[in-house]
Amino acid sequence: MRHSDLTTALTDRTAKTFLGILFGAVLIVALLNLLVPAESGLHVSSYTVSLLGKYLCYALLALALDLVWGYCGILSLGHGAFFALGGYAMGMYLMRQIGDRGVYGHPTLPDFMVFLNWEELPWYWHGFDSFGFAMLMVALVPGVLAFVFGWLAFRSRVTGVYLSIITQALTYALMLAFFRNELGFGGNNGLTDFKDILGFSLREDSTRVALLVASAVALGGAFVLSRWITGTRLGRTVMAVRDAESRARFLGYRTEHYKLWIFTVSAILAGIAGALYVPQVGIINPGEFSPLNSIELVVWVAVGGRATLYGAVIGAILVNYGKTVFTGVMPEAWLFALGGLFVAVTVFLPQGLVGLAKSLLKRKRQPDATDKEADHEPA
Amino acid sequence: MPRVLLLIFMLLGASGTAVAQTSAAPADDAGQTTMASPEGEDRPSESVAPGVSKEEALRTSLAKFKSRDFDVKAEAIETIARSGHERGEALLQALLDRELLHDLAGDRIVLGKQSEQGWALRDPISEEDVGSAEARAARPVIINNRLRQQIRDLKSVTALANPNPLARREAAQRLVGNTDPVVLDALRARQAEEANPLVKGVIDTALNIAVLRDPASQLNERLNAIDAVAGSLEPAVRNVLRDRLAQSDAAAERNAADRALKKIDLRTERYETADTLFFGLSLGSVLLLAAIGLAITFGVMGVINMAHGELIMLGAYTTFVVQQIFPDGHEWSLLVALPAAFLVSAVVGIVIERGVIRFLYGRPLETLLATFGVSLILQQAVRVIFSPLNRSVVTPEWMSGALQINPIFSLTYNRLYIIVFALIVFFALQLVLKKTRLGLQVRAVSQNRGTARAMGIRSERVNALTFGLGSGIAGIAGVALAQLTNVGPNLGHAYIIDSFMVVVFGGVGNLWGTLTAAFSLGIANKIIEPMAGAVLAKIMVLVFIILFIQRKPRGLFPQRGRAAEE
């Protein structure tokens, strides 16, 4: 199944099913929230709408990671950094939208700057009052960081666990930096108290539903884009790099260029996920940079199943749903469950739930065929 | 280096005076204000003289404390200190501690401790129980700051005769800058007979400062004094020189003071550098301890053990538990904690290896994830068992305090011991790897697993043992870290990224590389810290390593040969 153009990526069976389920579910939730009165048992609360929107952002983030890990073999433990950077770009726009409605009522400065006795807006905050500029930064900041970082790393052939560790160091360093008040991003507390986006109040149900739909559109778009990318010649080369980098290099491919390209695209997707995430949860703080977040994200992809794209989405939604349930019912057990999940998935389910489902289906179809799945798993 | 020599001199001096002192001991009643030996011949007559009269003199002096006049009290303090009575020092201490009372009912001066019923009274000289008094029927003898200072000075003067040169030096140091004529007389007397060069140096400084402070001193006296104190690091010297620079009307003196101050600044700067280096080394040795176990497991098996930090944490908690088991054994319980921590962490490590990592060889990224899962489980388990709050471990007496090299430079013992301990662990590990059969097998497997197996090495067993060894060292690191920081569930987490940076920076599979990396990162961190702040220093070091790895992806000391190929 080779997709060489965008239309096939959009119309093949997997894509149709995925997009159908995604938009169907979002549509139902949206209608149940907006049209069904609150007293009715069928009403979906706006909390659930935002929660679902949050899951979709996580799913987009997982998709981005799957693109580099599943298809290119780069285990990035710092993807949370790109997510958070996109989130901060959006957060800065939302802060500027507060205007003089902050606690201190300053016409331009956000509350935390007034609190720190700052006289004027730092230069890098200029322009964020425009939505267009902010959206550009949502893509540009993570993209440029990934490009520079990847250019340095891939050019000198940093691979495997080394790469994983330095990506982790990257997000750790960013976390420490963002915790500082002097950096001008609100320090420990981050950016919060948002009022409205594009003139629509963030408290309105309709805005929440619109954000949910926007997240679904972004996820669907990213899914189609990723399927298209992996189907092109370039995507095929990326997979060749994953499976045997030296061989691909000896065949004349500049492997570092392919890796850099896919890494940057993935970082931009992660940034977009962060930007959609922030208005729905109402806060962005340096905790998003914590290495734990980035590594948790890896387990979503692992649970779903690598190199399938929809597996990453399923994994992200399932694990996060589990987290919501667990932390509500018995918070102290969540880390046990998460830790157990890491171990169980890597030891027993190297292909994730999707791989498990596939092999079960195959076994059903040809009862005596042995499971050959394990023989050609990606390194 | 010269410092070390001086220290040795001092110790030699110590043993010398100690001998002299014991021979003079029978005559000397616990070394009171009177100075040591030369007047030995006079002494017997003094102490043979009926104790009663001496006691009576003391009682007379004590009675003066009934007065409200501070001058009378000052006189009493003076006479008590000079009485040479063995109770003198204890009584002055009691006065400082507000335990010397005026018993209003019996109109006498007694010792007393406050109890629930009132005061439990004791005789000031015989310490016999002399009954009790209502809370209001007695009140502590009141002293003011001047008297307090007087008592402290007198105590320091007394301590100048202490057989231990360290105590003498401390006493002299306390008296530096003091211009009280009584104190100066005592210092001069001591200066004449002091044999230990370090103590003598401090006394000289104190006397020279007195000369500079004395308005009646001659210009050439002052110039000599300035020359003599130039380079001394006592804060009092700097102050007096500044004053002379500002107040003196002789140009020669101002110049001399200026020169001396410059010299002091230079020396201060040098010691500040030494201080930074020391802190860097101690941070480096913490990093070394944390990273060295990781270096083995990563180097030998190519396995990233994200649970390494939690193995360190287990070691720290073992220390805590051992201290709970032996509540009275703070001084020696570390000796129990070390092997216990090694065992606990090693066993957990072997369980991790046999239970999880064994199934994941050849898939380093999956190993990373699985061990991360293990680390979460261990962390949470500790939270459930010991509560999420930090626990504190008691530092034994011999590890607290500091080795005071000079007034501005001291080495804290716990950091000093950690540096030594880290090096011991490092060399012990080198020894294990170089001299034992296990070490040989470990090196063989790390160089070429296939060939090692072909030579009959059971690589599975070597894996498990290596992992146990690396984990056990993590446990030992935990014992050391417990002395420096709080013991909490996040202890390990804080060190894991740093440890990886050290291993990767130094080059995988090379313990010397790990050593170099740990110390250079530690020192770099401490050099940047005062300039940029702790957080920024950390960020800068991280960014530096990220850039460094891009230049040299295999670290400072890459493994050569085929083993380095993928």
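User: How far apart are the C-alpha centres of domain 1 and domain 2 of chain B?

Analyst: They lie 57 Å apart. Domain 1 of chain B covers 31-146 and domain 2 covers 271-559, with bounds that come from an automatic or database domain assignment. This is a predicted model: local features need pLDDT of at least 70, side-chain atom pairs count only at pLDDT 80 or more, and totals for chains, interfaces and linings use all residues. Residues are numbered from 1 along each chain as its sequence is written, while chains are lettered from A and ligands numbered from 1 in the order in which they are written.

User: Why is Phe298(B) called buried?

Analyst: A residue is buried if 20 or more other C-beta atoms, placed from the backbone, lie within 10 Å of its own, exposed if 12 or fewer, and partly exposed in between. Phe298(B) has 24 C-beta neighbours inside 10 Å, and therefore counts as buried. Phe298(B) is found in helix 12 (residues 251-301) of chain B; helices are DSSP runs of H or I with at least four residues, strands are runs of E with at least two, and both are numbered from the N terminus.

User: Which residues does Phe298(B) touch, leaving out those up to four places away in sequence?

Analyst: They are Val303(B), Ile304(B), Val503(B) and Val508(B). Two residues are in contact if their C-beta atoms, placed from the backbone, lie within 7 Å. The C-alpha atom of Phe298(B) is also 13 Å from that of Gly555(B), 257 residues apart along the chain.

User: What makes a set of residues a nonpolar core, and which have the most contacts inside the largest one?

Analyst: Such a core is a set of buried Ala, Val, Leu, Ile, Met, Phe, Trp, Tyr and Cys residues joined through C-beta atoms within 7 Å. The largest has 202 residues, and those with the most contacts inside it are Leu60(A), Leu61(A), Ala62(A), Leu63(A) and Ala273(A). Helix 3 (residues 46-72) of chain A gives the largest share of this core, 18 residues. Leu61(A) touches His79(A), Phe83(A), Ala270(A), Ala273(A) and Leu297(A), not counting residues up to four places away in sequence. A second, separate core of 54 residues includes Phe65(B), Leu121(B), Ile143(B) and Val237(B).

User: How many residues of each chain are in contact across the two chains, and how do the residues on the chain A side divide?

Analyst: 38 residues of chain A are in contact with 33 residues of chain B. Helix 7 of chain A gives the most to the chain A side, with 14 residues. That side divides into 28 nonpolar, 7 polar and 3 charged residues. Here Ala, Val, Leu, Ile, Met, Phe, Trp, Tyr, Cys and Pro count as nonpolar, Asp, Glu, Lys and Arg as charged, and the others, Gly among them, as polar.

User: What share of chain B is buried?

Analyst: Buried residues make up 41% of its 566 residues. In helix 7 (residues 165-175) of chain B, the buried residues include Arg168(B), Arg169(B) and Leu175(B).
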